[in-house]
Amino acid sequence: MLLTDLVDTAEAVAATRSRRAKVESLAGLLRRLEADELAPALGLMLGKPRQGRIGVGWRGLASAAGEPAAEPTLTIADVDATLDALASASGEGSALRRSSVLTGLLGRATAREQDFLRGALLGDVRTGALEGVVTEAIAAAAERPIATVRRAAMLSGDLGETARIALHGTEAELAGTGLVVGRAVLPMLASTAATAAEALAAVGEASVEYKLDGARIQVHRSGDDVRIFTRNLADITHRLPEIVDIVRAMPVRDVVLDGETLALDEDDAPRPFQETMSRFGAEVARELVLHPWFFDVLHLDGRDLIDEPLRTRLDELARIAPAHRIRGEITSDPEVAERVSRDALAAGHEGVVVKAIDSTYAAGRRGSSWLKVKPVHTFDLVVLAVEGGSGRRAGMLSNLHLGALDPDGEFGEPGGFVMVGKTFKGLTDATLRWQTEHFPTIATHRTPNTVWVEPVTVVEIAIDGVQRSPRYPGGIALRFARVKAYRGDKRAEDADTIQTLRGLLR
């Protein structure tokens with residue numbers, strides 16, 4: 001199939017707010033794809049290429065930009081082969097080879113295809129084709145029960161493979177897709193609540209557990225073979241030998257564990273998230289040791305536990321890994337839940353997760369039986385630029401470039417602003433309309449899809465924290481930024497400073 005056909009579908013999906021219409025468009029695409037095109041096509045559509053991280057960022061994409069092709073000739077197979085080449089480029093001279101390969105790919109793409117590929121490679125695809133929509137489209141295209149397809153996708157952790165089995169395999173093969181030790185499972189996710197007491201009122205008796213500011217891990221052991229996966233199902237076993245040793249020492253034969261890992265300081269307090277992630281992402285082991293804490297067990301010695309109540313899973317976890325359980329208490333008392341929350345924050349952790357004690361493990365879903373509670377930081381920042389939206393936001397100004405005040409010129413001009421991130425989250429339709437009308441009136445210049453503005457508009461932004469980042473001059477980037485409100489009552493010179501934000505690193 002030509003890449004332009006995939007782009008056509010992506011644009012059709014982005015242009016509608018109807019979930020049903022999105023599913024129908026995607027199902028039509030899936031029926032036309034060959035079996036070996038399904039995984040590459042879905043990876044691009046979701047902004048998650050099947051190759052995973054391929055070492056290409058926005059700077060690389062910008063430097064590789066050139067004149068687009070006049071006519072569409074690229075196939076999905078061409079793109080997939082090129083991404084294989086990018087992912088495998090390593091060693092001396094790899095940056096140059098990667099740049100050459102990327103330039104060649106974009107040079108064969110039309111303007112529409114270039115835009116689509118940039119979004120897919122940066123994970124910035126705003127079609128509304130989320131995993132849940134794609135799962136429904138697979139079921140529709142294959143005429144299979146949605147529950148069967150959804151469970152297969154959750155337990156395989158691979159929508160592309162699920163699509164292949166659903167469309168080209170038998171019903172028995174699809175139904176037989178199950179948890180396999182050694183094959184990563186999509187993790188269960190938590191929704192949010194304002195307080196621990198509120199969360200407890202929603203779920204009833206619960207395990208109230210510390211929420212660590214670490215990296216999610218899923219550990220599989222079969223005999224002496226141990227594999228460790230990230231939240232996104234990347235295999236990072238070679239990076240964490242200390243965790244491999246800990247799991248090998250457990251009194252089990254086969255096990256699948258869900259948990260977090262983070263680094264501790266000399267007082268056994270958690271180190272900053274950025275230090276954990278630096279060690280977590282290192283290809284070569286460093287001196288900083290990561291410690292595992294587990295909060296769930298999905299399989300144990302031939303027995304799947306995902307459909308067992310949490311109470312049973314925690315009992316098994318306490319038996320096999322008592323020294324590596326995340327701290328928490330089972331309670332139905334809101335005062336106890338609030339005390340555990342305070343204790344977690346006092347110990348330097350993010351907050352708590354409140355889990356219904358009889359809940360099953362809903363792999364790959366953000367269920368209402370797990371509720372995370374953590375404090376939110378808010379800061380007043382200044383809008384530096386705003387990008388055009390896509391999908392239902394097409395024709396409107398959406399994605400904000402955010403800057404913090406640099407009063408002493410530590411990272412630029414004294415009194416200027418240092419970019420610390422972007423966000424398009426938290427914007428109401430009314431706010432989008434206001435932005436679209438307001439920012440062109442204070443524009444300083446324009447680049448494709450971006451309006452650069454006078455740094456005078458203050459916006460209150462909620463964030464979960466900051467992390468070290470070489471992308472921006474101040475060396476930090478916002479984590480999970482979202483708009484709370486525009487602050488017309490505040491001047492730009494009253495905005496929070498880059499030094500204040502950097503202080504969150506400590």
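Q: How do I read the relative accessibility of Asp-78?
A: At 24% relative accessibility, Asp-78 counts as partly exposed. The label follows from cut-offs: buried means under 20% relative accessible area, exposed over 50%, and partly exposed in between (1.4 Å probe, protein chains only).

Q: What kind of model am I looking at?
A: A predicted model, in which local features need pLDDT of at least 70 and side-chain atom pairs count only at pLDDT 80 or more, while totals for chains, interfaces and linings use all residues. Residues are numbered from 1 along each chain as its sequence is written, and side-chain values use heavy atoms, with hydrogens and water left out.

Q: Which residue forms a salt bridge with Asp-78?
A: First the idea: side chains of opposite charge can pair when their charged atoms come close. Here a salt bridge is a side-chain nitrogen of Lys or Arg within 4 Å of a carboxyl oxygen of Asp or Glu. Arg-108 is partly exposed, with a relative accessible area of 39%. Asp-78 forms its salt bridge with Arg-108, and their closest N and O atoms are 3.3 Å apart. This pair links distant parts of the chain, with Asp-78 in helix α5 and Arg-108 in the loop between α6 (94-107) and α7, 30 residues apart. Those element names refer to DSSP runs, numbered from the N terminus: helices (H or I, at least four residues) and strands (E, at least two).

Q: How many salt bridges does the whole structure have?
A: A search finds 28 salt bridges. Arg-303, Glu-308, Glu-316 and Arg-319 are even linked in a network of them.

Q: How far apart along helix α2 are Arg-20 and Glu-24?
A: In general, an α-helix has 3.6 residues a turn, so residues three or four places apart point the same way. Arg-20 and Glu-24 are separated by about one helical turn, because they are 4 residues apart in helix α2. Their side chains meet in a salt bridge of 3.5 Å, N to O. Arg-20 itself counts as exposed, at 64% relative accessibility.

Q: Which parts of the chain do Arg-392 and Asp-429 tie together?
A: Start with the pair: Arg-392 forms a salt bridge with Asp-429, and the closest N and O atoms are 3.2 Å apart. Arg-392 lies in the loop between β11 (377-388) and β12 (397-406) and Asp-429 in helix α17 (residues 429-438), so parts that are 37 residues apart in sequence are tied together. Arg-392 is partly exposed at 41%, and Asp-429 is partly exposed at 35%.

Q: How do I read the length and packing of helix α1?
A: The expected span of a helix is 1.5 Å times one less than its number of residues. Helix α1 (residues 3-14) has 12 residues and reaches 17 Å from its first C-alpha to its last, close to the 16 Å expected. Its buried residues include Leu-3, Leu-6, Val-7 and Val-13. The buried residues of α1 pack against α2 (19-32), α3 (38-45), α5 (76-88) and α7 (111-122), where contact means heavy atoms within 4.5 Å.

Q: Which side chains make polar contacts with Asp-258?
A: A polar contact is a pair of N or O atoms within 3.5 Å; within protein, one must be able to donate a hydrogen and the other to accept it, and residues adjacent in sequence count only if both atoms are side-chain atoms. The side chain of Asp-258 has such a contact with the side chain of Arg-216 (2.8 Å), and another, of 2.6 Å, with the side chain of Tyr-361. Asp-258 lies in strand β5 (residues 254-263) and counts as buried, at 1% relative accessibility.

Q: How many aromatic pairs are there, and how do I read one?
A: A pair of aromatic rings is described by the distance of the centres and the angle of the planes. Rings of Phe, Tyr and Trp (its six-membered ring) pair if their centres lie within 6.5 Å; planes under 30 degrees apart count as stacked, over 60 as edge-to-face and the rest as tilted. The structure holds 5 aromatic pairs. Trp-434 and Phe-439 form one that is edge-to-face, 6.0 Å centre to centre with 75° between the planes. Phe-439 and Tyr-486 form a tilted pair, 6.3 Å centre to centre with 55° between the planes. Ring pairs also link Phe-295, Tyr-361 and Trp-370 into a cluster.
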